[in-house]
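Hello,

Please find the structure we spoke about below. My notes come after it.

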Amino acid sequence: MIPALLTLLALVDAAFCGFRDAAGRNPRIEKRAYFLRAVRRGALAGLIAVAALAALTFAVLGLAPDPAGLWLDLLAAGRRLLLVYGAYAALVCTALLAYALPVHEARVLASVTILGPFTMVRPWVLAAGALLAALAAARAETAALTLASALTIGLIERLLGRGWRRGRPVPFRPS
């Protein structure tokens, strides 16, 4: 359950990275198809990152002298990650629910008080969760995998933005 929840959080985070990467870069009024493509692009990047991290984790487990003990330590680290990232995700989901209301003031309040500021602190939350889990880990492999995972997930938004900086944005196809 813990790996599945962390995977879900990583994929949703990557999908939002795709949205944020594309936001404000297209002058058209109707952008639904454009944003859907951007979200899919982010989710695909997240899926590739999660698959690579899973392969790395299984490789480390395969090389460990005590794979069962390492797995239990990884699960304990995952619980610590879920405490931090789950609280952050719950806060963002609450803001998104307020944003979905058909009341303009609620949407503005959610955007100004939660969605905007907490998007800015996202890298710090990512680092705090990883440090909390890595410092409490009983094994060095767990700490290294935790930090590598957080770094990889944290780099997704930066890598998605490279296309814009190099002049290759998310292509826009009229619907």
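Predicted model: local features only at pLDDT ≥ 70, side-chain atom pairs only at ≥ 80, totals over all residues.

Residues are numbered from 1 along each chain as its sequence is written, and side-chain values use heavy atoms, with hydrogens and water left out.

Side chains of opposite charge can pair when their charged atoms come close. The structure holds six salt bridges (a side-chain nitrogen of Lys or Arg within 4 Å of a carboxyl oxygen of Asp or Glu). One of them joins R20 and E157, at 2.9 Å from N to O. R20 is in helix 1 and E157 in helix 6 (residues 140-165), 137 residues apart. Helices are DSSP runs of H or I, at least four residues, numbered from the N terminus.

E157 also forms a salt bridge with R122, at 3.6 Å from N to O. R122 lies in helix 5 (residues 122-135), so this pair ties together parts that are 35 residues apart in sequence. D13, R20, R122 and E157 are linked in a network of salt bridges.

R122 is buried, at 7% relative accessible area, whereas E157 is partly exposed at 24% (buried means under 20%, exposed over 50%, partly exposed in between, with a 1.4 Å probe and protein chains only).

M1, L5, L8, V12, F16 and F19 make a nonpolar surface patch of about 570 Å². Patch residues have over 30% relative accessible area and no salt bridge, with nonpolar side chains joined within 5 Å and like charges within 9 Å. V12 is in helix 1 (residues 2-22).

Regards

Terms used:
Areas by Shrake-Rupley, 256 points an atom, 1.4 Å probe, with all protein chains shown as cover. Helix = DSSP H or I, 4+ residues; strand = E, 2+ residues; numbered from the N terminus.
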